[in-house]
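User: Could you take a close look at one part of this model for me, and then follow the pieces around it? Please keep it chatty but spell out your cut-offs.

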Amino acid sequence: MSRFFISLSFFLIGFWAFCQSEPIDLNPKDTVVYQQSYGLRLGVDISRPITSFLDDNYTGFEIVADYRLNQKLYIAAELGNEKKTRQEDLYNFTTSGSYLKVGVNKNTYANWYGEKNLIYIGGRLAFSTFQNTLNDYQYFNTNRYWSPTDFTNGTGNVPENFSGLSATWLEAVFGTNVELFSNVYMGASIRLGLILAQKEDERFPNLWIPGFNKVTNDSRFGVGFNYSISYFLPLYKKKNQIEKKIEISTEGEN
Amino acid sequence: MKKIKVGLAFLLAIIGIASCEKDDICVEGDTPLLVIEFYDIADTASLKNVPALRVVGQGQAVTVNTVADRTALNKISIPLKTDVDETSFLLISNSASAENGNETGNIDTINFSYKRLEDFLSRGCGFVVNYDSLQSTFTTGTDNWIKNIEIIRSQVTKSDSTHVKIFH
């Protein structure tokens, strides 16, 4: 009896192959595709409100946003308003105004599976409109014969307003956005600005520009930074495009 | 990794440029001094020293700090007031003190009137005053040692060129 069953088994084993509708694929392709999130990231700068709180001579805020275009490229923008009073040796002035920076970020960070972080380089075209108020000033004079105790005050000594000022500059950005927890990011960036054009008053030049920071004599460069907390609003998902890799053989070369 | 290195290089470049910022000290200029030269009234082309010249600003108790006191000079640079549109000086030739401390020299009073022009030089300097439409008057008397005054430049923006000629 047992011989019958064993014989039957040997016979039926042949049907296995016929029952299989498709041949067994021993290396099945992974059909689970990792989808990347695309959407809008909105946030606020946290350094400016903190500085506003700590420094009596400064108030400001900045809204940051970016929108993912493709695997690496993001459209990015910053919108802000700043007011700063500076006391120099012989004069005191207040600058207040708004600025808008628009440009792109390119993510250079190769994320591991599931990571959504950015280390980016980017560029911005920035524009600011602002006004200057010369609060008070004294005349610089190294000869103190007529006023031995102090420099003489400027005429009138009433605050003088220069309005309708503007500046346009290019900005190179280097920054990072790190996902702290689900869809909440912390970002930081440093910026190098190059003034392209500015409208200034002949009597009192622009010494500080909202969004650009300090303007230096005989130089068109300026530096800035921001720290931001932002929320990523996922709109849709798309899988990565596979990069074609061209392997270059180095064998045979010395 | 290579791209992070590029980023770091960029960061260093920014820090580098930021630290190259100029110090905010004033090197661009100053409120100018009025430069006066003394000429011979007999030969108006040649300079002539004023013996033991003393220059005092009217209303001041001390002599002008830019002029060597009681020395023979043919060129002086003196500061004008920056808060009003005129400045007067007492120019004393043959200046000496009597035993009771009184001045024995010949005192002439000269008055300069001008317009003040504010000029913002730089962040470090701030505003300086330049003078324009310079005019001078001097009290005339029988024993005046100053015979005539001529304004060469009515605009005072630099301290290195002569603005006024005084003939004596």
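Analyst: Let's start where chain B meets chain A: the contact draws 31 residues from chain B and 28 residues from chain A, with two residues counted as touching if their C-beta atoms, placed from the backbone, lie within 7 Å. Bear in mind that this is a predicted model, where local features need pLDDT of at least 70, side-chain atom pairs count only at pLDDT 80 or more, and totals for chains, interfaces and linings use all residues. Residues are numbered from 1 along each chain as its sequence is written, while chains are lettered from A and ligands numbered from 1 in the order in which they are written.

On the chain B side of that contact, α1 (2–19), β6 (106–122) and β7 (126–138) each supply at least two residues; helices (H or I, at least four residues) and strands (E, at least two) are DSSP runs, numbered from the N terminus. α1(B) gives the most, with eight residues. By class, the chain B side has 15 nonpolar, eight polar and eight charged residues, taking Ala, Val, Leu, Ile, Met, Phe, Trp, Tyr, Cys and Pro as nonpolar, Asp, Glu, Lys and Arg as charged, and the others, Gly among them, as polar.

Staying in chain B, there's an open sheet of four strands in the order β4-β1-β9-β8, with mixed pairing; strands pair if DSSP finds at least two bridges between them. Its edges are β4 (75–78) and β8 (148–151), each pairing on one side only. From one strand to the next, the twist averages 25°, based on axes that are lines fitted to C-alpha atoms (for helices, over the stretch in contact), with angles from 0 to 180 degrees between N-to-C directions. Four bridges tie β1(B), residues 34–39, to β4(B), and the two run antiparallel. Within that pair, L34(B) sits opposite I78(B).

Both L34(B) and I78(B) turn up again in the largest nonpolar core, which has 48 residues; they are listed with V55(B), F89(B) and L91(B) as having the most contacts inside it. Such a core is a set of buried Ala, Val, Leu, Ile, Met, Phe, Trp, Tyr and Cys residues joined through C-beta atoms within 7 Å. Beyond its neighbours within four places in sequence, L34(B) touches S77(B), I78(B), L80(B), F112(B), V156(B), H163(B) and V164(B).

Over in chain A, you get a closed barrel of eight strands, β1-β2-β3-β4-β5-β6-β7-β10, with antiparallel pairing. Neighbouring strands there are turned by 25° against each other on average, direction ignored. Walking along it, β2(A) (58–68) pairs with β3(A) over eleven bridges, with Y67(A) opposite I75(A). Next, 15 bridges join β3(A) (73–87) to β4(A) (91–107), where N81(A) faces S98(A), and the two form a hairpin with three residues between them. Then β4(A) meets β5(A) (118–137) through 17 bridges, and L100(A) has F127(A) as its bridge partner. Helix α2(A) (47–54) lies across β1 (35–45), β2 and β10 (221–239) of chain A, at about 175° to β2(A).

One last stop is Q138(A), in the loop between β5 and β6 (160–181) of chain A. Why is Q138(A) partly exposed rather than buried? Because 19 other C-beta atoms lie within 10 Å of Q138(A), whereas buried takes 20 or more, exposed 12 or fewer, and partly exposed falls in between, again with C-beta atoms placed from the backbone. Its C-alpha atom is 9.0 Å from that of D89(A), 49 residues apart along the chain. Leaving out neighbours within four places in sequence, Q138(A) contacts L90(A), F151(A), T152(A), N153(A) and G154(A).
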